[in-house]
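Student: I have a model open and would like to learn how to read it. Could you walk me through some of its features?

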Amino acid sequence: MQENMDRMLGFVLKHYRQGAFDDVKKTESKNVRRFPVWKYAAAVTAAAAAVILFVFLLRPGPSVSEYLAANSPIQVELPDGSSVTLSPGARISYSDSKAGRDVEMEGTALFKVARDESRPFRVDAGESAVEVLGTVFQVKQSDGDVFVDVLEGKVLFSGSEDGVVLTPGMESVLQKGAASPEIIDNPFPNPIAWVTGVFKYESTPLKTVLGELSDYFGKEFTASSDAGGRSLTGSFSTEDPESIAEAISAALEIRVTVK
Amino acid sequence: MTSSEIESLYKQYFRQLCLYALHYLEDLDESKDIVQECFSALIKGNPEISNPKAYLYNSVRNRCIDLLRSKKKERMAPMDDLSYISDEEAQLRSEMEVQLWEAVDSLPPKRRELLLLNKRDGLKYSEIAQLKGLSENTVRNQIFRAVESLRKNAKKLFSFLFCL
């Protein structure tokens, strides 16, 4: 069955042409093409956000606080006692009422949420929502995809349809245009290296290590061909990619290069 | 058959008939033309039909084989990109391939582009990385995720179809 499925997929991809059937309109609503809808949705969301902010600012009651990180990460204390670390360029707006705590955000942020069972803490990022009572987790937006990493406690992460419950060590992504998040198998072990300044590995497959480093630095880490199947234990500072490559080379007696 | 009945057949079956024809002809434009002709004939001839779906599949098959003959091709059997398959198999697959096609349609555009450069156009990860100014790992990662999500879609679909 798997084989058949892959053959069908191969066949479809070989002949695929975007918009080939656009002249055939289907009647069922579930087949409505998604892209234009999203374009409008984004515009509407932006408009709605602007309006909500405006209303909050004018009315007494729930208070709105805005935070923005410029060139370096900043840590801020929220009025409810939670703390947030924002990566460069990230922005959040926090509002709080008797019913709950709401955050709208852009970019990457690490949340340490003060426990308050009566007022759930909710983060809206793009088309996703994360809801918690008290935990440590990270939300990262990248090219329209939203990634959530959980470090402590439990998190409910949902798209427009379904949600997943995440526990420590788990990572999940809501892809742009998708209705439900997916859980990522074998996530990178150091999702918050940008905060801790350290990559920590314990018998981590070298492939995963190089993948994480490439992703983090936006450079390509490659190992010489004799490195297949090796794994790595150790800690490395996030400061200098070149010296990490040297350290790994020395430890495993292989050659790791950065480009 | 009324024209609105034909129109709803068209909406329902046009894509899967094209994919079916594609198994014979291996050319998307020719396949679309053939299916279009079948519907035109249906409108003009207005024959008595008891099973429209079987009728449409039959007439698409006949036209495909005529076309292959006129091009003096040796091959008269449908195929996928690996080997010959049976006509029945081609019919069955065409229904599921429509869903896969639509799943590809709804992939995030950047990810779809990387996937197609690799699987359709045959570029290596390193070539795509260079072309797009991305790291090879990012390319590999994006393509892997795209294939995973298509597989997941397909799995749902399979379990649905086989439960019936």
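Student: Which residues of H2(B) meet H3(B)?

Tutor: Since this is a predicted model, we are reading computed contacts here. From H2(B), the residues involved are Glu30(B), Ile34(B), Val35(B), Glu37(B), Cys38(B), Phe39(B), Ala41(B) and Leu42(B). They meet Tyr55(B), Leu56(B), Ser59(B), Val60(B), Arg63(B), Cys64(B) and Leu67(B) in H3(B). Sorted by class, this contact holds 11 nonpolar, one polar and three charged residues.

Student: At what angle do the axes of H2(B) and H3(B) cross?

Tutor: H2 of chain B covers residues 28-45 and H3 of chain B covers residues 52-70; their axes come within 10 Å and cross at roughly 125 degrees. An angle over 145 degrees would count as roughly antiparallel, and 65 to 115 as roughly perpendicular. H2(B) and H3(B) are therefore oblique to each other. The crossing of H2(B) past H3(B) is right-handed.

Student: Let me pick one residue, Arg61(B). Is Arg61(B) buried or exposed?

Tutor: For this you compare the relative accessible area with a cut-off: buried means under 20%. Arg61(B) has a relative accessible area of 18%, so it is buried. Arg61(B) sits in helix H3 of chain B. Setting aside neighbours within four places in sequence, Arg61(B) is in contact with Tyr20(B), Tyr24(B), Asp87(B) and Gln91(B).

Student: And what is the relative accessible area of Asn153(B)?

Tutor: Asn153(B), at 36%, is partly exposed. Asn153(B) belongs to helix H7 of chain B, residues 136-163. Try the distance tool on this residue too: Asn153(B) and Ala103(B) are 50 residues apart in sequence, yet 7.3 Å apart in space, C-alpha to C-alpha.

Student: Let's move to chain A. How many helices and strands does chain A have?

Tutor: Chain A has five helices and 18 strands. Of its 259 residues, 42% are buried. Among contacts in chain A between residues at least 6 apart in sequence, 39% join residues at least 24 apart.

Student: How do I read a sheet, and what is the order of the seven strands in the open sheet of chain A?

Tutor: The general idea is that strands of a sheet pair through backbone hydrogen bonds, either parallel or antiparallel. Here the order is S2-S3-S6-S9-S10-S13-S14 in chain A, and the pairing is antiparallel. Strand S2 (74-77) and strand S14 (182-183) of chain A stand at the edges, each with a single partner strand, so one side of each is left without a neighbour in the sheet. For a pair within the sheet, look at S3 (residues 83-86) and S6 (residues 108-112) of chain A, which are antiparallel over four bridges. Leu86(A) stands opposite Ala109(A) in S6(A).

Student: Which strands are joined to S10(A) by bridges?

Tutor: On one hand there is S9 of chain A, residues 136-142, joined to S10(A) by seven bridges in an antiparallel arrangement. On the other there is S13 of chain A, residues 171-174, also antiparallel, with four bridges. S9(A) and S10(A) form a hairpin with two residues between them, and Asp143(A) in the turn has a positive phi of about 55 degrees. S10(A) itself, residues 145-152, is mostly covered, with six of its eight residues buried.

Student: What about S8(A): how many of its five residues are buried?

Tutor: Four of the five residues of S8(A), residues 128-132, are buried, so this strand is largely enclosed by the rest of the structure. Five bridges join S7 of chain A, residues 121-125, to S8(A) in the antiparallel sense, and Phe121(A) has Val132(A) as its bridge partner. S7(A) and S8(A) form a hairpin with two residues between them; in the turn, Gly126(A) has a positive phi of about 60 degrees. S8(A) is also joined to S11 of chain A, residues 155-158, by three antiparallel bridges. There, Ala129(A) is partnered by Ser158(A).

Student: Last one: where does Ser160(A) lie?

Tutor: Ser160(A) lies in the loop between S11 and S12 (163-166) of chain A. At 60% relative accessibility, Ser160(A) counts as exposed. Leaving out neighbours within four places in sequence, Ser160(A) is in contact with Glu127(A) and Ala179(A).

Terms used:
Residues numbered from 1 in each chain as written. Chains lettered and ligands numbered in written order. Predicted model: local features only at pLDDT ≥ 70, side-chain atom pairs only at ≥ 80, totals over all residues. Heavy atoms only, no water. Buried < 20%, exposed > 50% of the residue type's maximum accessible area, 1.4 Å probe, protein only. Pairing = 2+ DSSP bridges. Axes fitted to C-alpha atoms, helices over the stretch in contact; angles between N-to-C directions. Parallel < 35°, antiparallel > 145°, perpendicular 65-115°, else oblique. Left-handed = near helix turned anticlockwise from the far one by under 90°. Contact = heavy atoms within 4.5 Å. Nonpolar A, V, L, I, M, F, W, Y, C, P; charged D, E, K, R; others polar.
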